[in-house]
Amino acid sequence: MRLTVEQEELRSAVRALLARHPGDAAWRPLTEQIGIAGLAVPQEYGGAGCGAREVHVVMEELGRELSPVPCLGSVVLTVQALLASGDAPVCAELLPGLASGATTGALAWAERGSWDPGAVQASAVPGPGGTWRITGTKEHVLDGAGADLLLVAARTGAGVSLFQVPGNGGGVDRQAMVTMDTTRAQARVLLSGAEARLVGAEGAGDRVLRHVLDLACTALAAEQTGAASRCLELTVAYAEERVQFGRSIGSFQAVKHRLADAYVLVESARSAALGASFAAADGTPELTRRAAAAKSACSEAFTAVAGEMIQLHGGIGITWEHDAHRYFKRAHGSAQLFGPPSWHRARLAADLGLHAA
């Protein structure tokens with residue numbers, strides 16, 4: 001599982017650009033100069049025709065900087081949901097804008113804190129002229145308040161289905177949420193008879209969402225790995241420069257052991273994340289179990305390393321002036337995103353045919 005020279009060059013380009021354009025200002029140059037929005041979009045729809053390994057590289061770099069750009073919600077969730085739907089006319093209409101970055105998308109999916117596609121309760125009923133009407137509440141919609149394109153999962157008589165909903169149409173109320181992690185924009189979307197267009201086959205939404213869940217966990221694991229790696233880098237640098245009792249604290253054996261344990265966690269997380277990315281890129285049936293394993297392992301590794309960052313920085317680690325609290329909040333927020341580690345371990349056990357006693 002080694003990345004190519006071209007993929008490492010992509011990493012260098014993204015890292016250099018993020019250093020020049022911090023925060024939200026990075027989105028436009030990332031899409032216009034590097035083309036990250038279209039990395040996983042087929043060339044026939046205006047994209048680069050790359051795959052999960054390139055997305056892995058970008059997500060890892062975005063995680064290092066805790067970048068707030070709408071990559072996970074638009075480039076991963078929305079694009080992959082459209083591609084998995086198999087609806088060629090809709091893809092031809094919507095993907096070019098998403099691939100260029102001119103349009104951002106959001107996938108409204110989770111309900112009552114659950115990311116299980118089977119838990120979707122929002123209802124869709126036929127409306128006039130071949131349209132549909134959707135009623136329900138969606139939570140944790142990434143970048144949902146400002147997205148140009150809104151995809152919604154709702155249940156019809158045939159099962160869970162995917163719909164396109166006009167974001168500013170009647171019956172749609174998008175509410176930006178105040179989150180613990182301010183670098184990850186989320187929204188609640190309330191739908192009250194909102195007009196919608198069916199995307200893909202009716203009843204195919206469960207299959208689409210389960211595939212998107214695997215790809216979302218794979219991308220998020222890469223982001224968590226990048227963030228955890230940055231936590232370790234910053235903590236090692238601080239341990240080398242912070243002097244106590246006439247010595248740098250990094251020379252104390254207890255600190256060395258804690259840093260070594262954190263290093264093992266980061267490298268183990270990187271292996272798990274790469275394993276999921278390679279499975280996604282190759283389209284192997286191993287994807288579900290590797291994605292579940294990566295989401296579980298990377299969530300727990302990032303949480304642990306971010307906690308060590310706080311501890312080993314001492315008093316400065318809990319101040320607003322230092323970035324440690326930002327990584328700590330991202331770690332805990334991302335651990336719950338797309339389901340907590342325990343749920344993914346249960347998914348993994350089910351995929352392996354294991355059952356609790």
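On a 1 Å grid over the protein atoms alone, a cavity is a set of points where a 1.4 Å probe fits but cannot get out, whereas a pocket is an open set with protein on both sides within 12 Å along at least five of seven lines, and lining residues are those with an atom within 4 Å of a point. Grid points are joined across faces, edges and corners, and a volume is the space filled by probe spheres set on the points.

This is a predicted model, in which local features need pLDDT of at least 70 and side-chain atom pairs count only at pLDDT 80 or more, while totals for chains, interfaces and linings use all residues. Residues are numbered from 1 along each chain as its sequence is written, and side-chain values use heavy atoms, with hydrogens and water left out.

**Cavities**

- Two cavities of 30 Å³ or more are found when the whole structure is searched, and about 120 Å³ of space lies in the largest cavity.
- The largest cavity is lined by 16 residues, and the closest to its centre are Ser-67, Val-69, Cys-71, Leu-72 and Arg-184.
- Helices (H or I, at least four residues) and strands (E, at least two) are DSSP runs, numbered from the N terminus, and H3 and H4 are the elements that give two or more residues to the lining of the largest cavity.
- The lining of the largest cavity has nine nonpolar, three polar and four charged residues, where Ala, Val, Leu, Ile, Met, Phe, Trp, Tyr, Cys and Pro count as nonpolar, Asp, Glu, Lys and Arg as charged, and the others, Gly among them, as polar.
- The second largest cavity holds about 30 Å³ of space, and its lining residues include Leu-232, Arg-258, Val-305 and Glu-308.
- H8 gives the most to the lining of the second largest cavity, with four residues, while H6, H7 and H8 each supply at least two.

- The largest pocket has a volume of about 320 Å³, and of the 18 residues that line it, the closest to its centre are His-140, Thr-179, Gln-186, Gly-333 and Gln-336.
- Strand E3 (132–142), strand E7 (186–199) and helix H9 (324–336) are the elements that give two or more residues to the lining of the largest pocket.
- The second largest pocket, with a volume of about 270 Å³, is lined by 20 residues, of which Gly-51, Ala-52, Gln-80, Leu-215 and Ala-280 lie nearest its centre.
- The lining of the second largest pocket divides into twelve nonpolar, eight polar and no charged residues.

**Helix H6**

- H6 has 37 residues and reaches 53 Å from its first C-alpha to its last, close to the 54 Å expected at 1.5 Å a residue, the expected span being 1.5 Å times one less than the number of residues.
- Of the 37 residues of H6, 26 are buried, so H6 is largely enclosed by the rest of the structure; buried means under 20% relative accessible area, exposed over 50%, and partly exposed in between (1.4 Å probe, protein chains only).

**Cysteines**

- A disulfide is a pair of cysteine sulfur atoms within 2.5 Å, and by this rule the count comes to zero disulfides.
- Cys-50 is in no disulfide, as the nearest cysteine sulfur, that of Cys-71, is 13 Å away, and Cys-50 is partly exposed, with a relative accessible area of 34%.
- Cys-231 is buried, with a relative accessible area of 0%, and its sulfur is 13 Å from the closest cysteine sulfur, in Cys-298, too far for a bond.
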